[in-house]
Amino acid sequence: MKIFLLASSFLSLISSLGVTAQTSMTATVTASTDFVITSKQISTGNRFQAISIDEKGGLWVSGTNSSVYHSADLGQSWSAVKTPDTGKDLQFRDIQVVDNKIILMSAGEGADSRLYMSDDKGESWSLTNQGQTPETFYDCFSMLNSTTGWLYGDSADKQFSILKTTDGAKTWQPITMPFKAQADEGGFASSGTCLNHNKQGDIAIGTGNAENPRLLIKKKDQAWQSITSPYKGGEAAGIFSVQFDKDNLYTFGGSLKTKGVATPVYKYSLSTSSWHSLLGAPLTGAVYGSAITKEHVFITNPEGIAVLNKNKTAWRKLSDLDIWAMACKDNNCWGVGANGTVVTIAW
């Protein structure tokens, strides 16, 4: 959604995007009874807005000023990745690496919404999709496997902007939905998780900026469904992030205009089609990013990182750092955000 462009326009340009070793500029370690939290600043002048874990466990982060960084050792060291030579700095709001292919999505108005792909670790890039109208604004994408993926963007003229690839992100085709979009309905390009999938191939999208935020769900080989949510609507409000977890879909959102109001979190049961509130999150405003593990639910926004043990009801705040996106693998999670910061959480 376009509102997320505003805060990033004041960031300074980074001096180089070549592939060079990058040592952490600062490192801080804190511990609680069950979590060890390490924060590092790996660059200056960048806000990281997306993170992805590849099949080999490598970490990839992307953000403002066309920045992309990679770690092959679980976040101990990082290197800058050469990014597309576009003649302008883009905001890479989503990134995924599949079959050794780096896929990047930039969010921006019109032609600044783009998808790039590299199969040689960033040495060369192909532009595989670009916004064709001034109304285009890409929010997030998700690759189900090496060939199939989905892309979601803000609607225009009550038509959804949903595209699908079946050739490994080389080309993207628009999909006609069985129902109309609401006026101004779109998504939030805050962490690359407004669209997500599970291992079965089910797809879920969280919408916002409309009168009634909702879930768009497509179960494998079935038609799209529109599901009304309990989230409050309006400008800059709705569902920002979604995560599948077995028979449940965790949803996270809120409003960018209601700082001081607790962020709403709801769990939607795919089997009973019912909503359940998860009250008490120690963040306010809107949740930007999220991640799910076997035992935990993590949420992030500029106020920090919070966690909920699935077997308990009380949320805990783990960090006050400005974090936009998270990803987890086994007993480790990584969060990325403002000031080129990467947070590692281990337990």
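These legends go with a set of close-up views of one predicted protein model.

Residue numbers start at 1 in each chain, following the sequence as written. Since the model is predicted, local features need pLDDT of at least 70 and side-chain atom pairs count only at pLDDT 80 or more, while totals for chains, interfaces and linings use all residues; side-chain values rest on heavy atoms, with hydrogens and water left out.

**View 1. Confidence, and the stretch at residues 5–24.**
Mean pLDDT (the predictor's confidence in each residue, from 0 to 100) comes out at 92 for the protein, and 92% of the residues reach 70 or more. Over residues 5–24 the value stays under 50. The model still gives that stretch 46 contacts beyond four places in sequence, a contact being heavy atoms within 4.5 Å.

**View 2. An open sheet of four strands.**
The strands run in the order β12-β13-β14-β15, with antiparallel pairing. Strands here are DSSP runs (E, at least two residues), numbered from the N terminus, and two of them pair if DSSP finds at least two bridges between them. At the edges stand β12 (138–143) and β15 (173–174); each has a single partner strand, so one side of each is left without a neighbour in the sheet. Further in, β13 (residues 149–156) and β14 (residues 159–165) pair in the antiparallel sense over six bridges. Look for G153, which sits opposite S161 in β14.

**View 3. F35 against W347, edge-to-face.**
The structure holds 14 aromatic pairs, meaning rings of Phe, Tyr and Trp (its six-membered ring) with centres within 6.5 Å; planes under 30 degrees apart count as stacked, over 60 as edge-to-face and the rest as tilted. In this one the ring centres of F35 and W347 are 5.6 Å apart and the planes stand at 65 degrees, so the pair is edge-to-face. F35 comes from the loop between β2 (26–31) and β3 (36–41) and W347 from the segment after β30 (341–346), so the pair ties together parts 312 residues apart in sequence. F35 is buried at 2% relative accessibility, whereas W347 is partly exposed at 27% (buried means under 20% relative accessible area, exposed over 50%, partly exposed in between, using a 1.4 Å probe and protein chains only).

**View 4. F240 and Y288, a stacked pair.**
Here the centres are 6.4 Å apart and the planes of F240 and Y288 meet at 10 degrees, so the pair is stacked. F240 lies in strand β20 (residues 237–245) and Y288 in the loop between β23 (274–277) and β24 (289–292), so parts 48 residues apart in sequence are tied together. Both F240 and Y288 are buried. Ring pairs also link them with F188 and W324 into a cluster.

**View 5. Two disulfides.**
A search of the whole structure finds two, counting cysteine sulfur atoms within 2.5 Å as a disulfide. In the pair C140 and C194 the sulfur atoms are 1.9 Å apart, and with -95 degrees about the S-S bond the link is left-handed. C140 belongs to strand β12 and C194 to the loop between β15 and β16 (195–197), so the pair ties together parts 54 residues apart in sequence. C140 is buried at 0% relative accessibility, and C194 is buried at 0% too. C328 and C333 form a disulfide with sulfur atoms 1.9 Å apart, right-handed at 105 degrees about the S-S bond. C333 is buried, at 0%. With the bonded cysteines numbered in sequence order, the pairing reads 1-2, 3-4.
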